[in-house]
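Please find my notes on this entry below. They are set out as numbered points.

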Amino acid sequence: MNSENFSISEKIVSPSYIRQGSQARRSHEQLIRLLLEQGKCPEEGWSESTIELFLNELAVMDSNNFLGNCGVGEREGRVASSLVARRHYRLIHGIGRSGDIAAIQPKATGSSLLNKLTNSVVLDILKLSGVRSVTSCFVVPMATGMSLTLCFLTLRHKRPKGRYIIWPRIDQKSCFKAMITAGFEPVVVENILEGDELRTDMEAVERKVQELGAENILCIHSTTSCFAPRVPDRLEELATMSAKYDIPHVVNNAYGVQSSKCMHLIQQGARVGRIDAFVQSLDKNFMVPVGGAIIAGFNESFIQEISRMYPGRASASPSLDVLITLLTLGASGYRKLLAEQKEMYTYLAQELKRLAAAHGERLLHTPHNPISLAMSLDGLQAQSGKSVTQLGSMLFTRQVSGARVVALGNKQMVSGHMFCGFMSHSEAYPHPYLNAASAVGITRDDVTLCIKRLDKCLKSLRKESSARSVSSGANKCDTCGVKTL
């Protein structure tokens, strides 16, 4: 209620009680005022009641919620289900206009304000997470792969001769298909093995640049967050090379916002060289439903150019989800999650190392990967190649999700390109292995239960292997090993 309605209410209920209610209302409004003034994530998280009050205030500013609205167009925010309307807080019009996802929608003032505030709050979080010199970003209602495609399509207009995208290999289908979908030819650069780690082959990248000609290269497409034993690309060196040859540089930072190391690499890359845009997922970094990403960069005009490339209006759901989440957590809550992620990474590494030793395996040494870990499965491979893949199935049926088991010799055709050793990021990685990740939101109980179930699976496979060995040797001569009748 406004001040006038509060004054009228004093004639109905004791003025002292009304004043108390008015003060309580003002405490909510003060938080909203600070958000509007500063455009930053609040230090302390908001209560659900404050968030709902704020969203309801935004919703009544959209034309579909006007009490006397008479809509005669084809897009009037009509919703058949009241359940759907409540799910979206009656913010139905989406964001943007047909020509620009960042434009103000005249029929949706509240939704437009929501969009602007979300982008501003997310920018603040990117700075808090380590990329302090980032100047612009926007939330796009597409996951990481399609968001990368949007970046590549925008670069097409700036580099009409660009045909190739140089891509240090990372065995993840969506980022490869992003380049194909945009109409470009990926130039796959194999990684080099340093100890257990797979790292960027900078000499091979430069050879490709010289061989193809800088003017024919649309961009370099690098990666930060990835599955061990692959580690983040050498971003500083790639950024320096991009600046040297005047080639754009797009970074796939899929789940890197949660890692200070990944964000530091982006910050340093932009400081010493060139990074045109970096793209990150909403669900992996902020624990919201799949379907949104953040496109960010250091040149505001270029990021705006990417936003204008998006055709038509867009769903406001990803923006709404991430804004609600960040207002709930506050900056302090998100920092706490980042600290817990680091703590759980150490705990997961300790537990995997202990388990590996108990089964004659080892935790692969990948210190440059701050999120993902890998444990060798050489013993299982020696038993049977099928035992390695069987372990993955056993874990999944025992409700251990997210663990990846990588056997030797996998081949996979992806959009016309044959990847040898697929999922291992290398044509000839020397070990089969199991991946586990300490991502934001993981708990100590998750790690403990995973290790317990993994231990049981490994023991079960070893027992099965021993039984097979006994069975196959039952009819053999003890002296020569030849089967007898």
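1. Are Trp167 and Phe176 buried or exposed? Both Trp167 and Phe176 are buried in this predicted model. For Trp167 the relative accessibility is 0%, so this residue falls under the 20% cut-off.

2. The chain holds 8 aromatic pairs. One of them joins Trp167 to Phe176 in a tilted arrangement, with 5.3 Å centre to centre and 50° between the planes. Trp167 also pairs with Phe419, here edge-to-face, at 6.2 Å and 85°. This second pair links distant parts of the chain, since Trp167 lies in strand S2 (residues 164-168) and Phe419 in strand S13, 252 residues apart. Phe419 counts as buried because its relative accessibility is 2%. Ring pairs connect Trp167, Phe176, Phe419 and Phe422 into a cluster.

3. Tyr429 sits in the loop between strand S13 (417-420) and strand S14 (433-437). Despite the loop position, Tyr429 is buried, at 6% relative accessibility. Beyond residues up to four places away in sequence, Tyr429 touches Leu193, Asp196, Leu198, Pro229, Leu364, Leu408 and Ser424. Its C-alpha atom is 9.9 Å from that of Ala407, 22 residues away along the chain.

4. Ile12 belongs to the loop between helix H1 (3-9) and helix H2 (15-38). With a relative accessible area of 70%, Ile12 is exposed. Together with Val13 and Tyr17, Ile12 makes a nonpolar surface patch of about 360 Å².

5. Mean pLDDT for the chain is 93, with 96% of residues at 70 or more. Residues 479-485 have pLDDT below 50, and this stretch has 9 contacts in the model beyond near neighbours in sequence.

How values were computed: Residues are numbered from 1 along each chain as its sequence is written. This is a predicted model: local features need pLDDT of at least 70, side-chain atom pairs count only at pLDDT 80 or more; totals for chains, interfaces and linings use all residues. Side-chain values use heavy atoms; hydrogens and water are left out. Patches are made of residues with over 30% relative accessible area and no salt bridge: like charges are joined within 9 Å, nonpolar side chains (Val, Leu, Ile, Met, Phe, Trp, Tyr) within 5 Å. Accessible areas come from the Shrake-Rupley method with a 1.4 Å probe; for residues, only the protein chains shown count as cover. A salt bridge is a side-chain nitrogen of Lys or Arg within 4 Å of a carboxyl oxygen of Asp or Glu. Helices (H or I, at least four residues) and strands (E, at least two) are DSSP runs, numbered from the N terminus. Buried means under 20% relative accessible area, exposed over 50%, partly exposed in between (1.4 Å probe, protein chains only). Contact means heavy atoms within 4.5 Å. pLDDT is the predictor's confidence in each residue, from 0 to 100. Rings of Phe, Tyr and Trp (its six-membered ring) pair if their centres lie within 6.5 Å; planes under 30 degrees apart count as stacked, over 60 as edge-to-face and the rest as tilted.
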